[in-house]
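Load the model in your viewer and keep the sequence panel open. The stops below say what to select and what to look for there.

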Amino acid sequence: TIEDGIEIIASGVFASSLFTNIKLPNSVKIIENQAFMNSCLLKNIELSENITEIGAQAFYNCKSLTSITIPEGVTKIGNGAFTKSGLTSLHIPASVESLGYQVAEESAIVSLTFAENSSLTFIDHRAFMNCDSLVGPVILPDGLIDIDYGAFNSCDKLKAVKMPDSV
């Protein structure tokens, strides 16, 4: 159990941990870079409803983590945050403004969805590259301005991506 009052999960603090379940108290606002990186046994994490940022490689290589609920209020998901994770679905809430490069590259994602009225304007390069299980369709949100190179490269099962007029 992580104590209430903790506001930041520091870089690497739980990297390579053997935890299988974690519940973050609502006092947590930021998950820093590599906080849970290589925690291969982590199956479930309940995020604080007050989190605003998920740092780079925060859940990198968390192969047992098959689902996560990203709360409304998160504005940034950092580079490689879910790369090589076991996530099978990923829903991006309306508050997220940008997705870092390689945000979920080589993950197990089958379903990728975006909230209506999304604030997302930018998807960085290689964001979902090599997501071999992603079938779609992926409906990108209105207001999206830029999708960088290779965002969906080598997603061999991906059948359709609906682009908004804003791109």
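A polar contact is a pair of N or O atoms within 3.5 Å; within protein, one of the two must be able to donate a hydrogen and the other to accept it, and residues adjacent in sequence count only if both atoms are side-chain atoms. This is a predicted model, in which local features need pLDDT of at least 70 and side-chain atom pairs count only at pLDDT 80 or more, while totals for chains, interfaces and linings use all residues. Residues are numbered from 1 along each chain as its sequence is written, and side-chain values use heavy atoms, with hydrogens and water left out.

**Stop 1: serine 48**

Select serine 48, in the loop between strand E4 (44-46) and strand E5 (53-54). Strands (E, at least two residues) and helices (H or I, at least four) are DSSP runs, numbered from the N terminus. Draw a distance from the side chain of serine 48 to the backbone oxygen of valine 28: it is 2.8 Å. Is serine 48 buried or exposed? Its relative accessible area is 0%, so serine 48 is buried; the term means under 20%, with exposed over 50% and partly exposed in between (1.4 Å probe, protein chains only). Not counting residues up to four places away in sequence, serine 48 touches Leu24, Pro25, Asn26, Ser27, Val28 and Pro71, where contact means heavy atoms within 4.5 Å.

**Stop 2: serine 27**

Move to serine 27, one of those contacts of serine 48. Serine 27 sits in the loop between strand E2 (21-23) and strand E3 (30-31), and it counts as buried because its relative accessibility is 14%. Which backbone atoms does the side chain of serine 27 approach? The backbone oxygen of isoleucine 6 is reached at 2.7 Å, and the backbone nitrogen of glycine 5 lies 2.8 Å from a polar atom of the side chain. Leaving aside neighbours within four places in sequence, the contacts of serine 27 are Glu3, Asp4, Gly5, Ile6, Glu7 and Ser48.

**Stop 3: glutamate 49**

Go back to the loop between E4 and E5 and select glutamate 49. This residue is exposed, because its relative accessible area is 54%. Beyond four places in sequence, glutamate 49 is in contact with Asn26, Pro71 and Glu72. Its C-alpha atom is separated by 8.9 Å from that of valine 74, 25 residues apart along the chain.

**Stop 4: the seven-stranded sheet**

Switch to a cartoon view. Seven strands form an open sheet in the order E1-E3-E5-E6-E8-E10-E12, with parallel pairing. Its edge strands are E1 (8-9) and E12 (146-147), each of which pairs on one side only. Two strands pair if DSSP finds at least two bridges between them. At one end, E10 and E12 pair in the parallel sense over two bridges; select phenylalanine 122 to find its bridge partner in E12, aspartate 146.

**Stop 5: E7 and E9**

Select strand E7 (residues 89-92), where Leu90 and Ile92 make up a covered face and Ser89 and His91 an uncovered one. In a regular strand the side chains alternate between the two faces of the sheet. E7 pairs with E9 in the parallel sense over four bridges, and isoleucine 92 stands opposite phenylalanine 114 in E9.

**Stop 6: the largest pocket**

The largest pocket holds about 190 Å³ of space. Of its 15 lining residues, the closest to the centre are Phe114, Ile139, Leu140, Pro141 and Asp142. Strand E9 (residues 111-114) gives the largest share of the lining, three residues.

**Stop 7: backbone exceptions**

Most residues other than glycine have a negative phi, and most peptide bonds are trans. Select glutamine 102, which has a positive phi of about 55 degrees although it is not a glycine. Glutamate 106 also has a positive phi, near 60 degrees. Glutamate 106 lies in the loop between E8 and E9 and is partly exposed, with a relative accessible area of 39%. Finish at the peptide bond joining glycine 136 and proline 137, which is cis, with omega about 5 degrees. Proline 137 is in the loop between strand E10 (122-123) and strand E11 (138-139).

Definitions and conventions:
On a 1 Å grid over the protein atoms alone, a cavity is a set of points where a 1.4 Å probe fits but cannot get out, and a pocket is an open set with protein on both sides within 12 Å along at least five of seven lines; lining residues have an atom within 4 Å of a point. Grid points are joined across faces, edges and corners, and a volume is the space filled by probe spheres set on the points.
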